[in-house]
Amino acid sequence: MKAKRQRKILEIINSRAVETQEELLNALSEEGFTVAQPTVSRDIQELRLIKASVSEGKYKYVQSGNDEARFSNLLLQTIISVDYAINMVVVKCHTGMAQAACAMIDSMDYPQILGTIAGDDTIFILLKNEENARKLMLSIKKLIV
């Protein structure tokens, strides 16, 4: 029964945005699973589900192996602000976190990025032109809002 329920949980979170344990509990109930909140909480832990930012301060459960979720969560936890000037994006991070965030940005393989430099709490990203800098800044802002 547990394996079947956990498969259903994965099916639910992959088919729609589920923000809370209560929403997940209700979705399971709609699918015919009678389960208590502590059981759902244990399933979330066992399945290693995490909440990832989706937009406008909203979150949803995703599997922790999801690269996009890990990327979004790392940036959400480390970045304080992001802005651009001409063809450079400047990312301000919590102290000691810039290098980790920069490594994640580098892993994006964004073809317009010419290079990145990370200090203790600041990342400089050089792009090919101002439009690319603006687009990158907006995409990072979406991940951290």
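Guide: Let us start with the model as a whole, look closely at one helix, and then move on to the sheet.

This is a predicted model, in which local features need pLDDT of at least 70 and side-chain atom pairs count only at pLDDT 80 or more, while totals for chains, interfaces and linings use all residues. Residues are numbered from 1 along each chain as its sequence is written, and side-chain values use heavy atoms, with hydrogens and water left out.

The protein has six helices and six strands. Both are DSSP runs, numbered from the N terminus: helices are H or I with at least four residues, strands are E with at least two. Along the sequence they come in the pattern α-α-α-β-β-α-β-β-α-β-β-α. Of the 145 residues, 34% count as buried. Here buried means under 20% relative accessible area, exposed means over 50%, and partly exposed lies in between (1.4 Å probe, protein chains only).

Which residues of α1 are buried? They are Arg5, Gln6, Lys8, Ile9, Leu10, Ile12 and Ile13.

Side chains of opposite charge can pair when their charged atoms come close. A search of the whole structure finds five salt bridges, a salt bridge being a side-chain nitrogen of Lys or Arg within 4 Å of a carboxyl oxygen of Asp or Glu.

One of them joins arginine 5 to aspartate 43, at 2.5 Å from N to O. Are its two members buried or exposed? Arginine 5 is buried, at 12% relative accessible area, and aspartate 43 is buried too, at 2%.

Lysine 8 has two partners. With glutamate 11 it forms a salt bridge whose closest N and O atoms are 2.9 Å apart. Both residues are in α1, and because they are three residues apart, about one helical turn separates them. An α-helix has 3.6 residues a turn, so residues three or four places apart point the same way. Lysine 8 counts as buried at 15% relative accessibility, whereas glutamate 11 is partly exposed at 46%.

The other partner of lysine 8 is glutamate 31, at 3.4 Å from N to O. Glutamate 31 sits in the loop between α2 (21-30) and α3, so this pair ties together parts that are 23 residues apart in sequence. At 41% relative accessibility, glutamate 31 is partly exposed. Put together, Lys8, Glu11 and Glu31 are linked in a network of salt bridges.

Four strands form an open sheet in the order β3-β4-β6-β5, with antiparallel pairing; two strands pair if DSSP finds at least two bridges between them. The edge strands are β3 (79-85) and β5 (113-118), each pairing on one side only.

Strand β4 (residues 88-93) pairs with strand β6 (residues 122-127) over five bridges, and valine 89 has isoleucine 125 of β6 as its bridge partner. On the other pairing, β5 and β6 also have five bridges, and threonine 116 stands opposite isoleucine 125. β5 and β6 form a hairpin with three residues between them.

Contact means heavy atoms within 4.5 Å. Among contacts between residues at least 6 apart in sequence, 48% join residues at least 24 apart.
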